[in-house]
Amino acid sequence: ILALPVTAEELKIFELRSYVAHKGKMKDLHQRFNDHTLALFEKHGMTNLIYWVPQENEANLLIYLLGYPSREARADSWKAFGKDESWKAAYEASTKQGKLVESIDTVFLELTDYSPSILTLKADSSRLYEMRRYTTNSGKLKKLDARFRDHTVKLFTKHGITNLPYFHLTEGQDGQNTTLLYFLSFENEESRNASFEAFSKDQDWVDARNASQSDGGPILIKKGVASTLLQATHYSPTSP
């Protein structure tokens, strides 16, 4: 029995999966996703949201985001997917000359209360995407959320930065109480750099940053911002 498709509003749990491909296997991995995996994910009730590779991909990474109505639905979908004879055949055919994937990392996410809709994740191969992960000092995640909710999201828009979904880690994961993970998009790298330069000099941003740290010190740990520039794959869905 196949899972019924769900609407974007029904998606409550998201899974960010990062695959490291074996050397020389990236092309084969893309082909397997394009020809088989995405369709089989959908068949078993998973919602393909977006697929990326880093702009500079020396690590042979594929990064993608799936959506589910619940963790229970996610478990049922993956169980059915793993038993699917079409998947078994595709996997066997693609690995005759060796496995394609060296390692897999997965993180479970939920939207913040100030996040744009998941529908904003529309793949466009002409645009530049950015994944940003912030790590706060202990007890400071709520302050960071308040700063984004009240100031940063609007100021990004003011300076030509397109806000995509913002996430927290779901309960029970390392970093749950100290992590904000979010995505942005830009016309290109030049426009990205110009936008961030203008944002950083905006007096409203300077005032908001200073106010948020006036009674307790820095919100973020030292080197607490990790950024990865991304490009959508050619087979990434153009809408959730």
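**Exercise 1. Describe how helix H2 (residues 71-83) packs on H3.**

Step 1. The axes of helix H2 and H3 come within 5 Å of each other and cross at roughly 60°. Axes here are lines fitted to C-alpha atoms, for helices over the stretch in contact, and angles run from 0 to 180 degrees between N-to-C directions. Helices (H or I, at least four residues) and strands (E, at least two) are DSSP runs, numbered from the N terminus.

Step 2. Angles under 35 degrees count as roughly parallel, over 145 as roughly antiparallel, 65 to 115 as roughly perpendicular, and the rest as oblique.

Step 3. Now look for the residues that touch: Phe81, Gly82 and Lys83 of H2 meet Glu85, Trp87 and Lys88 of H3. Contact means heavy atoms within 4.5 Å.

Step 4. Sorted by class, the contact of H2 with H3 has two nonpolar, one polar and three charged residues. Ala, Val, Leu, Ile, Met, Phe, Trp, Tyr, Cys and Pro count as nonpolar, Asp, Glu, Lys and Arg as charged, and the others, Gly among them, as polar.

A word on the model before you go on: it is predicted, so local features need pLDDT of at least 70 and side-chain atom pairs count only at pLDDT 80 or more, while totals for chains, interfaces and linings use all residues. Residues are numbered from 1 along each chain as its sequence is written, and side-chain values use heavy atoms, with hydrogens and water left out.

**Exercise 2. Work out how H1 (residues 26-43) and H3 (residues 85-94) are arranged.**

Step 1. Two packed helices are described by the angle between their axes and the distance between the axes. For H1 and H3, the angle is about 160° and the axes are 10 Å apart.

Step 2. That makes H1 roughly antiparallel to H3.

Step 3. The crossing of H1 and H3 is left-handed; that is, the near helix is turned anticlockwise from the far one by less than a right angle, whereas clockwise would be right-handed.

Step 4. On the H1 side, the contact uses Arg32, His36, Thr37 and Leu40, and on the H3 side Ser86, Trp87, Ala90, Tyr91 and Ser94. This contact of H1 with H3 is made up of four nonpolar, four polar and one charged residues.

**Exercise 3. Which residues of H3 are buried, and where do they lie around the helix?**

Step 1. In H3, the buried residues are Trp87, Ala90 and Ser94. Buried means under 20% relative accessible area, exposed over 50%, and partly exposed in between (1.4 Å probe, protein chains only).

Step 2. An α-helix has 3.6 residues a turn, so residues three or four places apart point the same way.

Step 3. Look down the axis of H3: its buried residues fall within an arc of 65°, so they line one face of the helix. The arc is that of the directions from the helix axis to the C-beta atoms.

Step 4. Glu85 and Glu92 are exposed on the other side of H3. The buried residues of H3 pack against H1 and H2.

**Exercise 4. Repeat the analysis for helix H6 (residues 203-212).**

Step 1. Trp205, Val206, Ala208 and Ser212 are the buried residues of H6. Down the axis of H6, they fall within an arc of 165°, so they line one face of the helix.

Step 2. These buried residues pack against helix H4 (141-158) and helix H5 (189-201).

Step 3. H4 and H6 pack at an angle of about 175°, with their axes 10 Å apart. This makes H4 roughly antiparallel to H6.

Step 4. From H4, Lys143, Arg147, His151, Thr152, Leu155 and Lys158 meet Asp204, Trp205, Ala208, Arg209 and Ser212 of H6. The contact of H4 with H6 divides into three nonpolar, three polar and five charged residues.

**Exercise 5. Is tyrosine 235 buried or exposed, and what is it in contact with?**

Step 1. Find tyrosine 235 in the segment after S8. With a relative accessible area of 8%, tyrosine 235 is buried.

Step 2. Leaving aside neighbours within four places in sequence, tyrosine 235 is in contact with His30, Phe33, Asn34, Leu38, Tyr51 and Leu62.

Step 3. Tyrosine 235 and tryptophan 52 are 183 residues apart along the chain, yet their C-alpha atoms are separated by 9.6 Å.
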